[in-house]
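This briefing is for a reader who is new to the structure.

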Amino acid sequence: MAQISTPAQERSLWDRFIIGLRNIAPIYIVLILLLIGIGTQNPTFLEPAGFLNLLRRAAPLMVLTAGQLFVIVTGGFDLSGGSLMSLTVIGASLLINNDPANTWWAILVLFGIGILVGLLNGVIVSYLNVPSLIATLGMLLALRGAGLYWTGGAPRGYLTDNFRMFGRGWLEPFPVIERFPYAVLVLIVVSAAAIYLFNQTNLGRQLLAVGDNPRASRLAGISVEKLRIIAFVLSAITAVIAGILQGGFGGVNPDAGEGYELQAISAAVLGGAVLLGGRGSMGAAIAGALALEALFTLLNLLGLPKPLRDAVQGLIIIGAVAYAAYRSRRTR
Amino acid sequence: MANAEEPILEVRSITKRFPGVVALDNVSAQFYPGKVHAVVGENGAGKSTLMKILVGAYIPDEGEILFQGQPIHFSHPREAQEAGISIIYQEFNLLPERTVAQNIFLGREPTRYGLIDQRQLRRRTRDVLKQVGAEDMISPDAEVKSLSIAEQQLVEIAKALSFDSKVLIMDEPTAALATHEVEILTRLIHKLIEQGMAVIFISHRFTEVFDIADTITVLKDGQYVATAPATEVTPSKIITMMVGRELDQYFPRLARPEEIGEVMVQVVNGSNNKLHDINLTLRAGEIVGVAGLQGSGRTELAQALFGVAPFTSGQLTLKGQDSHVKSPNAAIHARMGFVTEDRKAEGIFPNQPLNDNILVSVRALQLVLGRIKRNGTASKPHLVSELVKQVDVRTPSLTQEVQYLSGGNQQKVVLAKWLASTCDIFIFDEPTRGIDVDAKASIHEMIRELTQAGAAVLMISSELPEVIGMSDRIVVMWDGRISGELPAGASEEDIMILATGHREQEAEAAVETAV
């Protein structure tokens, strides 16, 4: 078969570099600017240890955002992620019951609960035709209630060290920088898996297709219902992982994941995802989560109190969506 | 009482252009009080455009409209309605969650001390319902969604009467009605014209046109053909006026007998809630054209074959094997492809790049966790660029988002999608709608190449020249049934006789006289 040349293949390497530079997601530039801003306030953050610490703190949100993006590109939301994180922390403390030997099967049970929650979300949205916003809002409340009921109102016990290792432990010794946080290791593995699934497999392309045009997807032979369910299950799995990291970092706290679902949606939007589906980038969404965490850090370094940080976050989300709408209007 | 000699509404030399098409070309017509005036013509003849111009939904590019002898310039249907010209579309303009009274007096509710006067609202609603003879049938407080289609139509008519309309326009008023409901409507229309109203209606159903109308106007391709009193013409004469144009387009040659091969699709007594007793055979190497007016079940036939809304009874055989195509996925597994009528809603993924658009169906047959090839499949890594070349998509790159391509190029992308999944049974629904002339000819050429390569093609089209020019056989649909089959080169007249159910009515008449 003769090689058929197309204009894309005729472009020189330099042209493609320039085009690539122009197509780079703006969030990466925002992220670099934020990191520079942090560096000017406190240069230790940009040293390897300081930067790894920033990543460690950002890891739960970055992992949760990766899962959230799978749902967002199909045109849905998953609001239950944050309370699933909380339930994971509460569940871990109760299941482990202060005995380190229980940690491993407890983690398996927590993943089982997560997958069940994801399946439920997916089935409710796909087969009962409940809009995902409502279905997962209901799930958010149900999980929060279940968590409180399980603890009997107040959390008991503590989390064993072998469980908390994932969130706050360090891999030692480590070449060059002496020690490396486990949380960042988990983050790298999850991000790599998410980017692979999203960019390299049929799954990613089909999720985008479903979000872009569900009718055409069905007519092209895609099982729209099955794909939506898979997206919610992936989102729930990342919520359990985020919960394990957050529990390790912060200890037992029944509100460990509160607000995380909205931050994850914000992060995905900052990364250029379109809330009606069909458009999104995994790398940029994860970078969006890091940028959000970097922003909080910067506002903290600048001495802004927490309520003001929340307000700034809200304004930034509105600004990001308005900017995306402005850009898509201009290209049309 | 108005003078029956003077038209109440008149259009003079109306021309209306849309991008790429002249919808109405220098059309004139007069409408008289106390008369029922039917406007007939094929799909795309300009009937609906004319009606929309009468009520100000469209502004004509040229020509004038006279109402009661005065030139008028409506800029919104509301203005026409207040002046006394009401229109009832096929899709009613009613709010389903509101009551009958709220709908009829929407936006002009009687008030008292600044609040809605419920008692007066009900009383006035009962008055207009009485005028349409529905006061015992429909309560002013009934929610519109609880009413039948026929009752909703009566509410629409009552609404028109509440505006003191002098002209009532109805688009396909009988399309959704049962026989006895048509009789009720006919009686009501007669009552309205006795009161001096002018009624204008569009219909594809010749029985009703001849039962109800005093005058018939025929449009063809946006041009005025003739106006005649209903008593002086016959259905076949009207059909002759509706059709009959030169075949000026070039079409690829028809299939040679030796090119037609085995039976690929066979339907025996296929039925579902929209289709009745479909019997259809489709062979390798042939194009079977499907003609029929809007609502005749053409698209439903395609959807039944492709598993979107499958047959619920009867037998479907694909390549000699009993098949139950219950979903599009099953149809694609059986190597069927469906180029849909509504490209934007059902064919393309506008925000996705060209290569993903073309590969979507191939990938739907693969494992969901299977690894993708950007521009092809594992066995054919350059599939996309080959197909882009084969169907001649004009695109700057293989990753161009499809929303930025022209309509013709988008249609070629949809075709390439089915070529990629190696289909050998193709269903085309309006393959060249909204596509410029050049792209049209090349799509016709490609469809013929498919059959020459051994595929079977079912091609649905509203454009009779396209059906006649392309098809090796023509199947005509009417009322959810196949009303007849015609050989290649059948005339437009033959098709229209079957498409309007005219032959059926002749047969019924013959039975009646025999009894």
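**Cavities, surface and selected residues**

By class, four nonpolar, three polar and three charged residues make up the lining of the largest cavity. The model is a predicted one. It holds two cavities of 30 Å³ or more.

**Largest cavity**

- The space in the largest cavity comes to about 90 Å³.
- From chain A, the lining residues are R205(A), Q206(A), A209(A) and I222(A).
- From chain B, the lining residues are F349(B), Q352(B), D356(B), N357(B), V360(B) and R363(B).
- Two helices each supply at least two residues of this lining: α10 (202–212) of chain A and α12 (354–364) of chain B.
- With four residues, α12(B) gives the largest share of the lining.

**Second largest cavity**

- About 50 Å³ of space lies in the second largest cavity.
- Its lining residues are E42(B), N43(B), G292(B), L293(B), S461(B), S462(B), L464(B), M496(B) and A499(B).
- Sorted by class, this lining has four nonpolar, four polar and one charged residues.

**Nonpolar surface patch**

- A nonpolar patch on the surface of chain A is formed by I24(A), Y28(A), I29(A), I32(A), L33(A) and I36(A).
- Together, these residues have about 560 Å² of accessible area.
- One of them, L33(A), sits in helix α3 (residues 26–41) of chain A.
- L33(A) counts as exposed because its relative accessible area is 55%, and exposed means over 50%.

**R327(A)**

- Helix α15 (residues 306–331) of chain A contains R327(A).
- The relative accessibility of R327(A) is 44%, so this residue counts as partly exposed.
- R327(A) and L219(A) are 108 residues apart along the chain, and 31 Å separates their C-alpha atoms.

**P173(B)**

- In chain B, P173(B) is part of the loop between β9 (167–171) and α6 (179–194).
- P173(B) counts as buried because its relative accessibility is 6%, and buried means under 20%.
- The C-alpha atom of P173(B) is 14 Å from that of A158(B), with the two residues 15 apart along the chain.

Methods
Residues numbered from 1 in each chain as written. Chains lettered and ligands numbered in written order. Predicted model: local features only at pLDDT ≥ 70, side-chain atom pairs only at ≥ 80, totals over all residues. Heavy atoms only, no water. 1 Å grid on protein atoms, 1.4 Å probe; cavity = no way out; pocket = protein on both sides within 12 Å on 5 of 7 lines; lining within 4 Å. Points joined across faces, edges and corners; volume = space filled by probe spheres on them. Nonpolar A, V, L, I, M, F, W, Y, C, P; charged D, E, K, R; others polar. Patch = residues over 30% accessible without salt bridge, like charges linked within 9 Å, V, L, I, M, F, W, Y side chains within 5 Å. Areas by Shrake-Rupley, 256 points an atom, 1.4 Å probe, with all protein chains shown as cover. Salt bridge = Lys/Arg side-chain N within 4 Å of Asp/Glu carboxyl O. Buried < 20%, exposed > 50% of the residue type's maximum accessible area, 1.4 Å probe, protein only.
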